[in-house]
Amino acid sequence: MPSSPVSGVDRRFFLTSALGAVAGVAGLSGCAGSAAAGSEGASTAPLAAKVPAGTSLKIASYQDTQQLQLKLAKLGDPPFKVSSWLNIGAGPDVINAFRSGSLDLANNAGIPPIQAYYQGFDAKIVAINITRKPNYLFATKPGSDIRTVADFKGRRLAFSQGQAQGVVLLRALKKAGLKYDDVELVPLTSNQFLTALQSGQVDIAPLANSQAPAYLKQYEGKGARTIPTEVVDLLSLLWAPVSVLNDKAKAAAVAAYIPYWAKGQVWAYEHPDVWNREFYVKTQNLSLAQAEAITELANKPLFPPNWSEAIEWEQETADLLAEGGFVKKFDVGELFDHRFEGIAAKAVSAEYRR
């Protein structure tokens with residue numbers, strides 16, 4: 001691997017751009033050393049069997065997805081108060097909210113916990129959903145002649161090292177035999193990707209399958225296209241700050257919420273027609289045909305009773321980032337709170353366990 005992850009860009013500048021916008025320079029000062037030290041305070045106390053009265057959690061629900069699933073599935077209210085549902089989803093934004101104390105529990109991919117550790121913020125994974133099919137594809141800027149990942153050589157690629165899109169891009173480059181200095185990685189967060197594509201700031205950006213129809217509707221006529229990838233972002237997970245998990249009442253509430261999270265996803269998967277209408281059409285302003293195209297690519301929820309595969313994949317991801325100099329190498333086992341292992345799997349039927 002090259003000594004610098006970004007061609008023509010000083011590493012310190014890159015890390016500050018990609019991370020500092022989220023956590024500030026102070027968040028970088030701790031880096032891996034203080035993060036490792038922080039994990040020593042993680043609780044190993046058994047989870048309470050019942051959530052104490054008066055307990056509340058602040059839960060992330062990007063685009064109100066979580067509440068809508070619970071409502072449509074008629075799962076009722078969890079045995080604690082949700083003091084706020086935050087419309088927040090991007091990993092860097094979640095880390096920032098964790099730091100400020102405005103968020104207790106979030107749903108993300110596998111890379112944000114790695115990034116939080118590197119920044120010196122201690123948080124743990126408490127639930128796992130395994131994804132088997134790609135959730136992302138690559139979109140080109142309007143008027144682009146790029147048609148394969150091999151064509152990425154020498155191009156400007158939107159890259160967020162703290163989000164799933166970042167690791168999908170790195171894994172796709174590795175699979176295509178491209179090194180980091182074969183391309184120009186432009187440090188952005190995912191909410192900047194569409195603007196960067198539209199303006200021509202980047203040639204390529206990874207987009208979620210759900211984002212592609214709207215982008216193509218607007219720019220396909222101007223020469224934009226999408227490029228599928230077989231790269232899978234294996235993990236969808238719930239995670240929380242250690243400060244939350246060390247609170248016995250909040251930890252019990254987190255454990256109580258996990259079955260709701262799992263059952264809501266199973267319900268959406270089993271009722272695609274309703275989900276298409278109620279979520280994609282009514283809240284995302286997509287046509288029914290666009291919604292159906294997205295759900296055809298949807299992953300079947302799979303909640304593993306054992307986290308060994310998830311840990312192995314998370315280690316591979318951390319090692320990939322370390323190879324490029326984005327983070328320091330560490331043992332990702334520190335990121336998992338095994339007190340919660342198996343809770344999601346027990347909440348669903350056998351066909352959704354893996």
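Colleague: Which residues line the largest cavity?

Modeller: In general, rolling a probe the size of a water molecule over the atoms shows where empty space is left. Here a cavity is a set of points, on a 1 Å grid over the protein atoms alone, where a 1.4 Å probe fits but cannot get out, and lining residues have an atom within 4 Å of a point. In this predicted model, local features need pLDDT of at least 70 and side-chain atom pairs count only at pLDDT 80 or more, while totals for chains, interfaces and linings use all residues. Side-chain values use heavy atoms, with hydrogens and water left out, and residues are numbered from 1 along each chain as its sequence is written. The lining of the largest cavity includes Val 126, Ala 127, Ile 128, Trp 307 and Phe 340, and strand S4 (123-130) and helix H13 (343-346) each supply at least two of its residues, helices (H or I, at least four residues) and strands (E, at least two) being DSSP runs numbered from the N terminus.

Colleague: How many cavities of 30 Å³ or more does the structure hold?

Modeller: There are two, and the largest contains about 50 Å³ of space, a volume being the space filled by probe spheres set on the points, which are joined across faces, edges and corners.

Colleague: Which residues have the most contacts inside the largest nonpolar core?

Modeller: In soluble globular proteins, nonpolar side chains tend to be buried together. A nonpolar core is a set of buried (under 20% relative accessible area, 1.4 Å probe, protein chains only) Ala, Val, Leu, Ile, Met, Phe, Trp, Tyr and Cys residues joined through side-chain atoms within 4.5 Å. The largest has 90 residues, and those with the most contacts (heavy atoms within 4.5 Å) inside it are Phe 152, Leu 185, Trp 239 and Phe 340. Its largest share, twelve residues, comes from helix H9 (residues 248-270).

Methods. Buried means under 20% relative accessible area, exposed over 50%, partly exposed in between (1.4 Å probe, protein chains only). On a 1 Å grid over the protein atoms alone, a cavity is a set of points where a 1.4 Å probe fits but cannot get out, and a pocket is an open set with protein on both sides within 12 Å along at least five of seven lines; lining residues have an atom within 4 Å of a point.
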